[in-house]
Amino acid sequence: MRLRRLFLLVMVFCMLVGNAFGERSVCFYGFDSRSSGYTSFVKTHPGVKVRKNKKVYYNTKQILNDFITGEMPYDVFTLSTDSFDIYSLMEKGYLAPVTDNESIQSAMESMYAPFREQLSYEGVLYGVPYGCSISYYAYDPDAWTAAGFTAEDVPTSFASYLDFLEQWVLRIQEKPEKDIRVCGYFDERQYGSDSYILYLVQLLMDQHILQSDYSNQPLRFDTDEFRTLLERCQRIGKDLYTYEPKQNGTYSLFTDASSFHSLLYYVPLRLTEDQPILVKATIIAGFINIRSQEIELSKEYLGQKLQDMSAEEKVYFYPDADNVANESYVELAAAFDRTFAKYEAQLNNENLSEEERSEIMARIEKIQDTYEKINFDEHLYVVPPEDLEIYKQYGDRLYFQAPSVFDPNTEDGQKVRRLEEQYALGEITTDQFVKELDQLVQMLEMEDE
């Protein structure tokens, strides 16, 4: 009987241990289950169950509320810097540090400094980036050439950008341009006297918010500097419409851009020359819930994501990243090379008749023509070497702006949009506009306290 009881106890113990190990699980949010990092993790951890949850987060307030109440269901999750205030989550202690993971630390130390800085708080690393995009203002080189401008004419601040537009107004006042416009941003059906004013005011607002965020200064609009630029936007915007009454033309002088290549034509819109040149960027990064029961396992996953990052993704993060070959074009080019070699070998045959030789030469010419039309030099790389070199010049100038207090998707953002429209239409004065903006900012600051 004792032996039977002992056997039963051993069996129960084994079942409990087995259940404990069998219940080991992690809950992911925002990761692509088809990605190599995800599949590699699942393969190397066959005993770990990946739990699912349908909860979706859209902003910082939502996720903060769930952290406070303990209802945040995910062990490891992704957030983007344009939608979530990463700094506040690190500061409040809701994220688990990942600094002690050797593979993560090693990879992060090799990245451009802004990535480490964005995901650290008081010297401690809390996140791992794996997706990035950039956005900036650029001039169109074809339009620039058509207008007769050179690189020396490119504005280097918002103030000099307005100087440039003033000179452009004088030019088209004397001699209207039929093929060149300042920008092609507008819907022709809604293009009117307020269009350029609103466009310039929004550019100014975005840059002012960006620079204030970067300098960690309170956001305020009622300053002499901002008022002066604002009033210039109103005056120049009105003049642009007067002398550019229709959105005609093939060329636009300025445009929004996001590619590495167009960084060659970057137009800094910092308010003044003494402010830093920044390239606005957004990153998607992985983080770990401080309350997770599987923090170490979650670190392993984030480390796996870094190891399995594709060559195309790495170019955003690492200064020593290589240019990325377009594999399909590499294979196609190799196929052409083999075909050329085959026909050239046939031409070396001394026994060929003139007719056979002419036929082979015709085939070579036809293949050569096809080869040139494909333009391999342009497509051999997903990220061409010259584009990567341009990006490397800006890698340490990337800035990941926190979600704007005036996000257009929020109620407060819509209030600001209405104020901008009223100002562009002349329904409110500069004084009223800046004071209304500051009142909104101060109310939001009080809510966050």
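## A walk through the predicted chain

Val 279 sits in strand β10, and at 1% relative accessibility it counts as buried, because buried means under 20%. Not every part of the chain lies at its side, though: the C-alpha atoms of Val 279 and Gly 93, which are 186 residues apart along the chain, are separated by 29 Å.

Let us step back and look at the chain as a whole. Its secondary structure comes to 18 helices and 13 strands. The radius of gyration is 29 Å, well over the 22 Å that the globule rule gives for 449 residues, so the chain is more spread out than a compact globule. Along the principal axes, the C-alpha atoms fill a box of roughly 110 × 90 × 40 Å. How much of the chain counts as buried? Of the 449 residues, the share is 44%. Contacts also reach across the sequence: among those between residues at least 6 apart, 79% join residues at least 24 apart. As for the surface, the chain exposes about 25200 Å², and carbon and sulfur atoms supply 48% of that area. The chain carries 43 positive and 75 negative charges, and the mean positions of these two sets are 9 Å apart.

Now follow the chain back from Val 279 to the loop between β9 (254–257) and β10 (279–288), where you will find Arg 270. Is this arginine buried or exposed? Arg 270 has a relative accessible area of 11%, and it is buried because that value is under the 20% cut-off. Leaving aside neighbours within four places in sequence, Arg 270 is in contact with Thr 156, Ser 157, Phe 158, Gln 207, Gln 211, Gln 275, Pro 276 and Ile 277.

Ser 160 belongs to helix α8, which covers residues 158–174. With a relative accessible area of 18%, Ser 160 falls under the 20% limit and is therefore buried. Apart from neighbours within four places in sequence, its contacts are Pro 155 and Glu 273.

Another serine to visit is Ser 195, in helix α9. Ser 195 is buried too, with a relative accessible area of 10%. Not counting residues up to four places away in sequence, Ser 195 touches Phe 186 and Gln 190. Which residue lies 230 places from Ser 195 along the chain, with its C-alpha atom 9.0 Å away? That residue is Leu 425.

Tyr 38 and Met 309 are 271 residues apart in sequence and 11 Å apart in space, C-alpha to C-alpha. Beyond residues up to four places away, Tyr 38 touches Phe 28, Phe 31, Asp 32, Ser 33, Val 50, Tyr 301 and Lys 305.

Leu 380 gives another sequence-and-space pair. Leu 380 and Glu 421 are 41 residues apart in sequence, yet their C-alpha atoms are 46 Å apart in space. You will find Leu 380 in the loop between α15 (376–379) and β12 (381–383). At 22% relative accessibility, Leu 380 counts as partly exposed, because the value lies between the 20% and 50% limits.

Finally, have a look at two backbone angles. Most residues other than glycine have a negative phi. Glu 122, however, has a phi near 50°, which is positive. Glu 122 lies in the loop between β4 (120–121) and β5 (124–125), and it is exposed, with a relative accessible area of 68%. Asn 216 likewise has a positive phi, near 55°. Its loop is the one between α9 (195–215) and α10 (224–243), and at 69% relative accessibility Asn 216 counts as exposed.

Conventions. Residues numbered from 1 in each chain as written. Predicted model: local features only at pLDDT ≥ 70, side-chain atom pairs only at ≥ 80, totals over all residues. Heavy atoms only, no water. Helix = DSSP H or I, 4+ residues; strand = E, 2+ residues; numbered from the N terminus. Buried < 20%, exposed > 50% of the residue type's maximum accessible area, 1.4 Å probe, protein only. Contact = heavy atoms within 4.5 Å. Rg over C-alpha atoms; globule rule 2.2 N^0.38 Å. Areas by Shrake-Rupley, 256 points an atom, 1.4 Å probe, with all protein chains shown as cover. Lys, Arg positive; Asp, Glu negative; His and termini not counted. Charge placed at Lys NZ, Arg CZ, Asp CG, Glu CD.
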